[in-house]
Amino acid sequence: MRLVARDLSFGYPGGDHQVLSGLACDIPAGVSAAVVGPSGSGKTTLLSVLGGLVTPQQGYFACVDANGVEHIPRDVSTWVLQTVSLMPERSVLDNACLGGYLDGATRAVARRAAMAALDEVGLADRADEPARVLSGGEAQRVAIARALTSTRPVLFADEPTGQLDAATTSLVLDAMFASARRTLLLVTHDEAAAARCDVVLRLASGHLEPKEFARGGARV
Amino acid sequence: MSERWPSSLAISEGFANVKAGRRLSTIIVAAVALVTGGVGLANVLDVSVLVNAERAWIDKGAYVFVVEPNPSQAFSAIDVATCDRMAQVEGIDASFAVRVTASVAQPAHAPGTHATLARTSAGIYEFLSVSPPIGSGMLVSDGIAAQTGLVDGETTTFAIQSLELATSEEVTATVRLIDAAVLAESLDGTYLFPSDLTGESSQCYVRTDAAHADDVRDYLAVTLTPDQGAPAIVRPRLNESANGLDFSTAFNQRALTWGWAAGAAILILLWTLTQWTRRTRDAIYATFGAHARARLIIRMTEWFTLSTVGLGWGWAIATAFAIGLGADIQVTLVQATGQAVATWTVASLGAVGVALIPVGTLIDTLKDRT
């Protein structure tokens with residue numbers, strides 16, 4: 001699924017400046033793209049706009065499938081959020097099931113998919129434990145499993161390693177890149193994490209600038 | 001794939017959250033129990049005080065009218081038959097006529113203890129809630145009983161001496177002890193001798209209730225006034241201020257009348273704080289496709305599951321404590337149930353309102369900017 005944005009502008013209500021201003025990008029299907037930039041540059045806002053969590057004041061963005069059919073990104077994407085995004089009192093399996101519910105799966109189908117996803121990230125044996133007992137790295141692997149439980153072809157990841165040490169970051173990224181198999185847009189502060197993506201984009205002054213091209217051929 | 005986040009899934013998520021969040025669930029159940037039970041119990045005790053005070057007031061003669069002839073007219077009297085018929089009028093519980101005689105009576109076994117004899121119509125038994133004996137009866141107040149040694153149910157001979165005619169007679173009657181507080185002071189310390197009283201009497205006692213008091217008062221003044229005579233005097237046995245409370249308004253003027261609202265406000269505040277601290281969870285659900293209706297169902301499932309258990313617990317505590325403290329069972333059931341349910345109902349409406357408050361943008365919530 002290709003991710004396309006053109007002339008995208010967004011400012012928070014009551015804010016005194018545009019966080020995103022005339023932004024454009026075109027990320028090919030199956031490519032992993034990292035968005036980097038200083039704090040406050042609007043990385044998470046960009047992800048929120050593309051993911052449909054907030055509505056831009058202006059611009060066009062869409063996901064385009066192999067047949068050229070456009071989809072609203074929110075309808076074809078799933079998320080890896082920050083570590084705090086697990087429900088601590090619920091079990092690891094219950095948390096992972098949410099990805100399946102996003103697709104409209106029944107409870108039974110979601111549980112099967114979630115178990116498979118947890119197996120992929122190496123946490124199947126901890127499925128029944130409450131999420132609160134997990135370490136930071138394990139929690140984020142659950143968040144990845146939750147995203148993978150969904151079959152949606154676009155994955156938005158918001159600072160998935162932001163609160164982790166270097167060793168754990170590596171483990172989490174290994175899990176995510178090994179099992180993503182879909183278009184990935186990764187917002188991160190972590191240069192090492194960004195370097196593992198096919199393309200790295202820098203967000204500055206509300207625009208995306210190509211920092212580095214690797215394998216994907218994304219255009220901005 | 002089926003419909004995303006159907007109601008059944010949202011409900012099961014709500015139950016799962018209740019089950020998983022044991023500590024918070026316990027706190028909420030306990031809080032609901034404490035508040036609903038506390039409000040219920042406080043109202044039971046408060047209303048019981050009022051009910052007991054009103055009962056004591058009624059026992060002393062509230063809603064009792066004493067009708068006497070108009071003193072401006074010589075030889076005026078109350079017709080006994082008319083007085084007795086009052087008990088058949090709607091709104092009047094009981095009535096009897098009484099005539100204080102110029103005779104004195106004393107038990108044959110206790111000479112020197114004579115007291116004034118008053119003859120009454122038979123309606124006095126119902127008026128005083130005393131069962132009539134087989135044969136003649138003599139109603140005796142506690143004071144006379146203490147003086148003469150008479151006991152309830154005792155059949156004995158009384159010597160009756162007329163002070164006007166200087167004659168005497170003996171009658172055998174069964175003693176019935178009575179609480180004479182409801183009667184006028186003029187009858188205190190007299191022997192009350194129910195008999196086939198006919199003709200005229202000096203007083204007519206009529207007992208009604210709060211709902212009919214005003215109508216009965218007007219009715220008595222008209223009905224018990226002799227033809228072409230001066231209006232009979234109808235006066236309440238007790239002044240309304242005698243107890244210091246106006247019972248017709250006292251219930252609604254209680255400080256705890258709005259206790260259910262205060263209790264509901266506490267629960268709504270508690271639930272609001274709970275939802276605020278768990279707003280991240282709501283944002284996660286939204287991010288993973290749970291639409292507003294599904295999220296509302298999840299929250300309401302949690303609230304109704306926990307609060308219903310708390311309500312039942314609180315009601316049981318309030319009822320048990322109230323009955324243990326000697327409160328009237330009917331008052332307990334009505335007040336504990338009514339107040340607890342009112343508190344819970346309003347709190348539930350508040351919980352729905354809280355669930356409808358937006359949590360801000362999802363990304364703000366997830367990044368803890370709110």
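This note goes through a predicted model in numbered points, from whole chains to single residues.

1. Ground rules. Residues are numbered from 1 along each chain as its sequence is written, and chains are lettered from A and ligands numbered from 1 in the order in which they are written. Because the model is predicted, local features need pLDDT of at least 70 and side-chain atom pairs count only at pLDDT 80 or more, while totals for chains, interfaces and linings use all residues.

2. Chain A, overall. Chain A has seven helices and ten strands (DSSP runs numbered from the N terminus: helices are H or I with at least four residues, strands are E with at least two). Its radius of gyration is 17 Å, close to the 17 Å from the globule rule for 220 residues, so chain A is as compact as a globular protein of that length. The radius is taken over C-alpha atoms, and the rule is 2.2 Å times the number of residues to the power 0.38. The C-alpha atoms of chain A fill a box of roughly 45 × 40 × 40 Å along the principal axes.

3. Chain A, burial and contacts. Of its 220 residues, 52% count as buried. Buried means 20 or more other C-beta atoms within 10 Å of the residue's own, exposed means 12 or fewer, and partly exposed is in between, with C-beta atoms placed from the backbone. Among contacts in chain A between residues at least 6 apart in sequence, 69% join residues at least 24 apart (a contact puts two C-beta atoms, placed from the backbone, within 7 Å).

4. A helix pair in chain A. Helix α5 (residues 136-149) and helix α6 (residues 166-179) of chain A pack at about 10°, with axes 9 Å apart. Axes are lines fitted to C-alpha atoms, for helices over the stretch in contact, and angles run from 0 to 180 degrees between N-to-C directions. The angle makes α5(A) roughly parallel to α6(A) (under 35 degrees is roughly parallel, over 145 roughly antiparallel, 65 to 115 roughly perpendicular, the rest oblique). Among the residues making the contact are A:Ile144 and A:Leu148 of α5(A) and A:Leu171 and A:Val172 of α6(A).

5. Chain B, overall. Chain B has twelve helices and eleven strands. A compact globule of 370 residues would have a radius of gyration near 21 Å, but chain B has 33 Å. Its C-alpha trace spans about 110 × 45 × 35 Å along the principal axes. Of the 370 residues of chain B, 37% count as buried.

6. Domains of chain B. The assignment gives domain 1 (7-55 + 250-366) and domain 2 (64-237); such bounds come from an automatic or database domain assignment. The centres of domain 1 and domain 2 of chain B, taken over C-alpha atoms, are 56 Å apart.

7. A helix pair in chain B. The axes of helix α2 (residues 22-59) and helix α8 (residues 259-277) of chain B come within 9 Å and cross at roughly 170°. That makes α2(B) roughly antiparallel to α8(B). Residues in the contact include B:Leu24 and B:Ile28 of α2(B), and B:Trp260 and B:Ile266 of α8(B).

8. B:Leu245 lies in the loop between β11 (233-236) and α7 (247-250) of chain B. B:Leu245 counts as partly exposed, with 15 C-beta neighbours inside 10 Å. Not counting residues up to four places away in sequence, B:Leu245 touches B:Ala53 and B:Ala250.
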